[in-house]
Each structure stands twice: as structure tokens, then as C-alpha cells.
Amino acid sequence: MTKLTDYKPLSRNPNKGTQRGTGILEQSVRELGAGRSILVDKNGVILAGNHAQEAFVNAGIDNVIEVETDGNQVVVVK
């Protein structure tokens with residue numbers, strides 16, 4: 001089973017994040033759980049959701065459901 005920590009952060013993430021934003025994200029995850037997905041490439045590099053992954057891991061969430069698509073479907077988290 002793949003774990004969230006198996007994915008690698010984007011080395012040159014253009015979103016540097018702020019202390020305030022990170023704090024809000026982590027508080028939200030702790031209170032409401034994981035309500036969004038992250039996007040990874042075929043090599044397991046996170047393209048979108050680098051800060052979310054960090055917040056999930058900090059909140060103790062490491063299990064994933066991996067959905068593979070060909071890019072022609074939208075994955076909806078309910």
C-alpha cells in the first residue's frame with residue numbers, strides 16, 4: 001500500500017507558502033480531515049498539493065487512495 005510519505009515534494013515549488021497559510025491549512029486538516037487531493041506525476045513527484053501533503057502528514061494522515069487517470073476525467077473528493 002502506498003503511503004503519503006512515499007511521494008516526493010516538487011524540488012522547485014513556486015508556492016513558497018507562508019507561516020500563516022501553513023497554520024490555517026494544518027488547523028483545517030486537524031479539524032476537518034483530508035478534504036482535497038494532491039496531484040502527482042508518474043514518478044511520484046507532487047505537482048500540486050505540496051503544502052497539503054505536509055499538513056496531512058503533520059496531522060497524522062499517511063494512508064492514501066491512489067486514483068490513476070489519463071487526464072480526461074476529473075477526480076471528485078466527496
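Modeller: Start with accessibility: buried means under 20% relative accessible area, exposed over 50%, and partly exposed in between, with a 1.4 Å probe and protein chains only. By that rule Met1, at 81% relative accessibility, counts as exposed.

Colleague: And what is the basis for all this?

Modeller: This is a predicted model: local features need pLDDT of at least 70, side-chain atom pairs count only at pLDDT 80 or more, and totals for chains, interfaces and linings use all residues. Residues are numbered from 1 along each chain as its sequence is written, and side-chain values use heavy atoms, with hydrogens and water left out.

Colleague: Back to Met1. Which residues does Met1 touch, not counting those up to four places away in sequence?

Modeller: Asp6, Asn63 and Val64. Contact means heavy atoms within 4.5 Å. Met1 and Val64 are 63 residues apart in sequence, yet their C-alpha atoms are 8.2 Å apart. Met1 sits in the segment before H1. Helices (H or I, at least four residues) and strands (E, at least two) are DSSP runs, numbered from the N terminus.

Colleague: New topic. Which residues make up the largest nonpolar core?

Modeller: Eight residues: Leu4, Tyr7, Val29, Ile46, Ala52, Ala55, Phe56 and Val64. A nonpolar core is a set of buried Ala, Val, Leu, Ile, Met, Phe, Trp, Tyr and Cys residues joined through side-chain atoms within 4.5 Å.

Colleague: Which element gives the most to this core?

Modeller: H2, with three residues.

Colleague: What covers the buried residues of H2?

Modeller: The cover includes H1 and strand S2 (46-48). The buried residues of H2 are Asn50, Ala52, Gln53, Ala55 and Phe56.

Colleague: Take Phe56, then. Buried or exposed, and by what number?

Modeller: Phe56 is buried because its relative accessible area is 6%. Leaving out residues up to four places away in sequence, Phe56 touches Leu4, Val29, Ala34, Arg36, Ile38 and Ile61.

Colleague: How does Ser28 compare on accessibility: buried, exposed or partly exposed?

Modeller: Ser28 counts as partly exposed, at 31% relative accessibility. Ser28 is in helix H1. Its C-alpha atom is 9.9 Å from that of Phe56.

Colleague: Charges next. Which side chain of opposite charge is nearest to Glu26?

Modeller: Arg30, 4.4 Å away. Glu26 is buried yet has no salt bridge. A salt bridge is a side-chain nitrogen of Lys or Arg within 4 Å of a carboxyl oxygen of Asp or Glu. Lys and Arg count as positive and Asp and Glu as negative; His and the chain ends are not counted. Glu26 is in helix H1 (residues 19-32). Beyond its neighbours within four places in sequence, Glu26 contacts Ala55 and Asn58.
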